[in-house]
Amino acid sequence: MLERIIMASELFEDIKRARAEKRLSQRDLGRLLGMPQSHISKIESGAVDIKLSSLTQICRVLDLELQLVPRKNVPAVEAIIKASSSRLTEQEAPRPAYSLEEDEDE
């Protein structure tokens, strides 16, 4: 699910969204991680400072990839992600089985 670079302020919302997409409750995610549901709630709301090891563990369970990018390289990485996302979108777009265009002979 690496579609864009996220900043810390967006991180917790993306974790919550990824959990919901996997149809996991906070309690379910907590069980998978060995954490109480209340701690998952605090993480998603940004109420706790999360350790990098815990963040990595959460990302693995949610099939997310956590990558740290040097600040000076962020624009280049964002450009690559944007370019690859637009190519994927075009390739994944459904193609019509038929066309309603008029024949050229008419």
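Of the 106 residues of the chain, 24% count as buried, where buried means under 20% relative accessible area, exposed means over 50%, and partly exposed lies in between (1.4 Å probe, protein chains only). The model is predicted: local features need pLDDT of at least 70, side-chain atom pairs count only at pLDDT 80 or more, and totals for chains, interfaces and linings use all residues. Residues are numbered from 1 along each chain as its sequence is written, and side-chain values use heavy atoms, with hydrogens and water left out.

The chain holds five helices and zero strands, in the order α-α-α-α-α along the sequence. Helices (H or I, at least four residues) and strands (E, at least two) are DSSP runs, numbered from the N terminus. Among contacts between residues at least 6 apart in sequence, 53% join residues at least 24 apart; contact means heavy atoms within 4.5 Å.

In helix 2, the buried residues are Gln-26, Leu-29, Gly-30 and Leu-33. Seen down the axis of helix 2, these residues fall within an arc of 100°, so they line one face of the helix. The arc is that of the directions from the helix axis to the C-beta atoms. The face turned away from the buried side of helix 2 carries the exposed residues Arg-27, Arg-31 and Leu-32. Just after helix 2, Gly-34 has a positive phi of about 75°.

Helix 4 (residues 52-61) has Ser-54, Leu-55, Ile-58 and Cys-59 as its buried residues. Viewed down the axis of helix 4, they fall within an arc of 135°, so they line one face of the helix. Asp-63, which follows helix 4, has a positive phi near 60°.

Two packed helices are described by the angle between their axes and the distance between the axes. The axes of helix 2 (residues 26-33) and helix 4 come within 10 Å and cross at roughly 115°. Helix 2 is therefore roughly perpendicular to helix 4. Axes are lines fitted to C-alpha atoms, for helices over the stretch in contact, and angles run from 0 to 180 degrees between N-to-C directions. Angles under 35 degrees count as roughly parallel, over 145 as roughly antiparallel, 65 to 115 as roughly perpendicular and the rest as oblique.

The contact involves Leu-29, Leu-32 and Leu-33 of helix 2 and Gln-57, Ile-58 and Val-61 of helix 4. These residues divide into five nonpolar, one polar and no charged. Ala, Val, Leu, Ile, Met, Phe, Trp, Tyr, Cys and Pro count as nonpolar, Asp, Glu, Lys and Arg as charged, and the others, Gly among them, as polar.
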